[in-house]
Amino acid sequence: MSYRKTILGASCSLCVYSLRALLAFSLCCFISGYSERDRAHDLLSKYPLIDGHNDIALQLRKLHNNQLSKINLTHLNNVATDISRLRAGHVQTQMFAVYVMCQAQQKDAVRLTLEQIDVVRRMCTEYPDFELVTSSQEVKDSMMRHKIGCLISIEGGHSIDSSLPALRMFYQLGVRAMSLTHSCNTPWAESSSKIYNDFIRHNNSLTTYGKAVVDEMNRLGMIVDLSHTSWDTASAVLSHTKAPVIFSHSSSYEICNNSRNVPKWLLLELKKNRGLIMVNFYRPFVSCKTEATVSHLADHFDHIKSVIGVKSIGIGGDFDGGDSFPEGLEDVSKYPVIIQELLKRKWKEEELADVLRNNFLRVFEEVEMVRDQLSWKKPSEEAIPLEEVANPCRLVLKPPFIKQLLPNQSPPLRAEGRLNLLYLALVLLFSLPALTD
């Protein structure tokens, strides 16, 4: 009997111990989970995000024809971006993309780009939560004023219609970055996409005029963006530019072998340039499988960190530029989720501070430093050769053509010409009665 009691007591003790252990483990998991979420929000409050790419302006055109008077940007349905969710996601500065379709190339791309700049400028001046910023110092100042800074970026070099004066005028309107291509080649740079067959070249991914575009962007202090360019074009730019560049919304090719992503060899060139890759959240670039998770996205951060270190990493969510994102990262309010995942992976606070904002500020400041060093240079007057543009809609200004008398043409020929005109006039005059009968 005592033996049974002993066995029973031991069993009960084991059960109680197991229950306590399970309870302690569950409590630790709960506390740990809460701590990581809390740490993520605290970290973002201290180092609020500068995001490299957002396409809400495109959605405003598609869904609302840019009629801001008919919507409320504080709470906006059917999109991934509005002011309330930017605040919830701790977004302090957003690079808003000014994008027009590739079909507008050689047509009305410049006009459409101006209209998209207009809607971003209006958006960022009509709503008090926003503030238009055009320098690294203004980004810092907007944070002190608890504003959401608005940076403007042109997405696709076709927007300038191969015109450096157009590029300069866009800078005057507040544009501070431009990607050299989108899904189409330009006459001077090559896209990573093969959708369009225009301006296909061989062994000339960045032409002489393309280098002039990069030079002028360096002189202006406009950030060169290599997202959407071919790897050859990106490599050529990295060899030519005087200032750091960015990939505003690209991820790692080794994790997902999409041509829009950046391979290891190109990441290493980017590090030498002191540039930045801002990791894209769009599902086809995060995972080459049918589904993407927060863990898949974090793998991109881990891989890039292992190749070139945290000083070359930023975030470019690409929200409203695509329709499919990892589960749990559906809109701009969800940025704390990826920070929480990286904290779980033992990323340090100072590393995440760099990724969230310090790295981008450093690149922006260095671009401005190069601009200041090039202040002695005059605006470039380089013009693209007409045969490279091959645009029938492009007007070529020439003096009016006036037929003149050849040096060896005799005065009698002049008189003969006058007689011919007189004869024609008489024929027309005598023909009038016949026409009225």
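Predicted model: local features only at pLDDT ≥ 70, side-chain atom pairs only at ≥ 80, totals over all residues.

1. Cys288 is partly exposed, at 46% relative accessibility; here buried means under 20% relative accessible area, exposed over 50%, and partly exposed in between, with a 1.4 Å probe and protein chains only. Cys288 is joined to Cys256 by a disulfide, with an S to S distance of 2.2 Å; a disulfide is taken as a pair of cysteine sulfur atoms within 2.5 Å.

2. Residues are numbered from 1 along each chain as its sequence is written, and side-chain values use heavy atoms, with hydrogens and water left out.

3. The link of Cys256 and Cys288 is right-handed, with 95 degrees about the S-S bond. The pair links distant parts of the chain, 32 residues apart: Cys256 is in the loop between strand S7 (246-247) and helix H9 (264-273), and Cys288 is in the loop between helix H10 (283-286) and helix H11 (294-308). Helices (H or I, at least four residues) and strands (E, at least two) are DSSP runs, numbered from the N terminus.

4. How many disulfides does a search of the whole structure find? The search finds three. With the bonded cysteines of the chain numbered in sequence order, the pairing is 1-4, 2-3, 5-6. Cys393 is exposed, at 62% relative accessibility.

5. Cys102 and Cys184 form a disulfide with their sulfur atoms 2.2 Å apart. This pair links distant parts of the chain, 82 residues apart, with Cys102 in the loop between strand S2 (91-99) and helix H4 (109-126) and Cys184 in the loop between strand S5 (175-179) and helix H7 (208-220). The link of Cys102 and Cys184 is left-handed, with -85 degrees about the S-S bond. Cys102 is buried at a relative accessible area of 6%, and Cys184 is buried at 2% relative accessibility.

6. The sulfur atoms of Cys124 and Cys150 are 2.2 Å apart and form a disulfide. The disulfide of Cys124 and Cys150 is left-handed because the torsion about its S-S bond is about -90 degrees. Cys124 has a relative accessible area of 2% and is buried; Cys150, at 0% relative accessibility, is buried.

7. Phe130 touches both cysteines of that pair. Leaving aside its neighbours within four places in sequence, Phe130 is in contact with Ile83, Leu86, Phe96, Met123, Cys124, Lys147, Ile148 and Cys150, where contact means heavy atoms within 4.5 Å. Phe130 is in strand S3 (residues 130-132) and is buried, at 7% relative accessibility. Phe130 and Gly149 are 19 residues apart in sequence, with 5.9 Å from C-alpha to C-alpha.

8. Which residues of H9 are buried? They are Leu266, Leu267, Leu270 and Asn273. Seen down the axis of H9, these buried residues fall within an arc of 110 degrees, so they line one face of the helix; the arc is that of the directions from the helix axis to the C-beta atoms. An α-helix has 3.6 residues a turn, so residues three or four places apart point the same way. The buried residues of H9 pack against helix H8 (231-240), S7, strand S8 (276-279) and H11.

9. Arg274 follows H9 and has a positive phi, near 65 degrees. Asn65 has a phi near 50 degrees, a positive value in a residue other than glycine. Asn65 is in the loop between helix H2 (56-64) and helix H3 (83-88) and is exposed, at 52% relative accessibility.

10. Asp161, a residue other than glycine, has a positive phi, near 50 degrees. Asp161 is in the loop between S4 and helix H6 (164-172). Its relative accessible area is 29%, so Asp161 is partly exposed.
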